[in-house]
Structure formats: C-alpha cells, structure tokens
Amino acid sequence: MESTLDDLKTRRSVRKFKDEPVSKEDLEKIIEAGTYAPTGGNKQSPIILVTQRKDIIERIGEWNKSYFPSELLDQMGDVDPFYGASTLIIVLADSNISTCVEDGSLVIGNMLNAAHAIGVGACWIHRAREEIESLQGKELLKVWDIPDNYIGIGHVILGYPADDFEPVENPRKEDYVINLDELL
Ligand SMILES: Cc1cc2nc3c(=O)[nH]c(=O)nc-3n(C[C@H](O)[C@H](O)[C@H](O)COP(=O)(O)O)c2cc1C
C-alpha cells in the first residue's frame, strides 16, 4: 500500500528512452492495469491499441505532429512527438457513452502509474482526438474494425528511461485542496 502511494508521488513523465523494446511481460502488465481502471456504469468502453512497430510509430508521430498548434511547432521545432519511444499505445473510447472521456483518461492514468511502478518510463501524448476524428482516422477505424463513433482519448508512449533521465522536481501548487469544512 505504502509503495503504491510512493509510486503515485514519484511518477514523472519520461521523454528520453533507452534503445530497447519494452518486454512483452512488462507491456502486458501495463496494459492489464489499464483494463482494470474503473469506468462509468462498468461499461468498459475504452479500447487500447498497441504497437511496437517502429515504422507505424514513426508514421503516427508525423501525423500527430501535423496537429501541433503553431506556437508548439515554434517552441518544439522538428521534435518527434513520441520522443523515440519503442512502444505506442492509443486509447479510444465510445462517444455514445457519456463518461467516455473520463473512462479513457482513467485507463491512461492507470497505465502511466503501472509503468512507473515496474520501471518503465511513460508519458501521455495529446492529439489522439484530432487524429481519430480526421478522415484518415475514420478510414483507420474501418481497417481496425472499430465503430466510427469511437474517439481518440490520448496516447501513451512507453520505454525504459535513458540512463541520464533525471526526473524533475514537480511540486504541487499550494491551493490544490480547499477544505470545505474550514469555510463553514
Ligand atoms: C491530457 C494530457 C496531455 C498531455 N500531452 C502531452 C504531450 O502532447 N506531449 C508531452 O510531452 N507531454 C504531454 N503531457 C504530459 C504533461 O506535460 C505532464 O504530465 C506534466 O508536465 C506534468 O509532469 P509529470 O507527468 O512529470 O508529473 C500530457 C499530459 C496530460 C495529462
């Protein structure tokens, strides 16, 4: 229990990886943790897409970059949005379910924390919604045999943290919590 709390507090986004694929065993543990996220009404609508193929990850990375807002392009330049990660996960969820965004986000949260707990680096990468709602995204849903009402929630990149990866301090803001009892 204590170690769970510790893992939650020490998880940081990892954006620099070793050139080593995530093992099947580690990947399965992370994905399984995602599938155990709570979902509204236990509908379990999210779908977890996973690839470890470099060519596919690079193609989706280019696609993802095409949705960078211009100020981010200026700031980040010619960066790989997936930071050379060896594993890419995309979480989709059924837009017909009113809690789909919350459900999919919890799936991603579980995977980020599970990855950290077993020594795998992870980071949420944005713009899955833009990808999937595009014409190309709709075509891909067909190819993957996924109904076209599914929306993109987010990507998770995974890899073993590079030796020189230094987790940055990320203190919590002071006014995170308001104790209502003290206001009454
Ligand atoms: C909804 C969401 C979208 C994010 N999108 C990106 C992204 O596109 N690229 C990236 O490098 N990090 C992204 N992040 C990671 C955040 O930048 C990171 O979680 C935040 O800076 C806090 O740092 P920490 O994860 O190390 O605690 C995203 C995180 C969330 C929750």
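The side chain of Ser134 has a polar atom 3.0 Å from the backbone nitrogen of Gly137, a polar contact (a pair of N or O atoms within 3.5 Å; within protein, one must be able to donate a hydrogen and the other to accept it, and residues adjacent in sequence count only if both atoms are side-chain atoms). This is a predicted model, in which local features need pLDDT of at least 70 and side-chain atom pairs count only at pLDDT 80 or more, while totals for chains, interfaces and linings use all residues. Residues are numbered from 1 along each chain as its sequence is written, and side-chain values use heavy atoms, with hydrogens and water left out.

**Ser134**

- Ser134 sits in the loop between α6 (128–133) and α7 (135–143).
- With a relative accessible area of 14%, Ser134 is buried (buried means under 20% relative accessible area, exposed over 50%, partly exposed in between, with a 1.4 Å probe and protein chains only).
- Leaving aside residues up to four places away in sequence, Ser134 touches Trp63 and Tyr67 (contact means heavy atoms within 4.5 Å).

**The ligand**

- Around the ligand stand Arg11, Arg12, Ser13, Arg15, Tyr83, Cys123, Trp124, Ile125, His126, Arg127 and Asn170, where a residue is near a molecule if one of its heavy atoms lies within 4 Å of it.
- This shell has 4 nonpolar, 3 polar and 4 charged residues (Ala, Val, Leu, Ile, Met, Phe, Trp, Tyr, Cys and Pro count as nonpolar, Asp, Glu, Lys and Arg as charged, and the others, Gly among them, as polar).
- An N or O atom in the side chain of Ser13 is 2.5 Å from an oxygen atom of the ligand.
- For Arg15, a polar side-chain atom lies 2.8 Å from a ligand oxygen atom, and for Arg11 the distance of this kind is 2.9 Å.
- The protein buries 62% of the 610 Å² that the ligand exposes when taken alone (accessible areas come from the Shrake-Rupley method with a 1.4 Å probe; for residues, only the protein chains shown count as cover).

**The whole protein**

- The protein has 8 helices and 4 strands, in the order α-α-β-α-α-β-α-β-α-α-β-α along the sequence (helices, H or I with at least four residues, and strands, E with at least two, are DSSP runs numbered from the N terminus).
- Its radius of gyration is 17 Å, close to the 16 Å that the globule rule gives for 184 residues, so the protein is as compact as a globular protein of that length (the radius is taken over C-alpha atoms; the rule is 2.2 Å times the number of residues to the power 0.38).
- Of the 184 residues, 39% count as buried.
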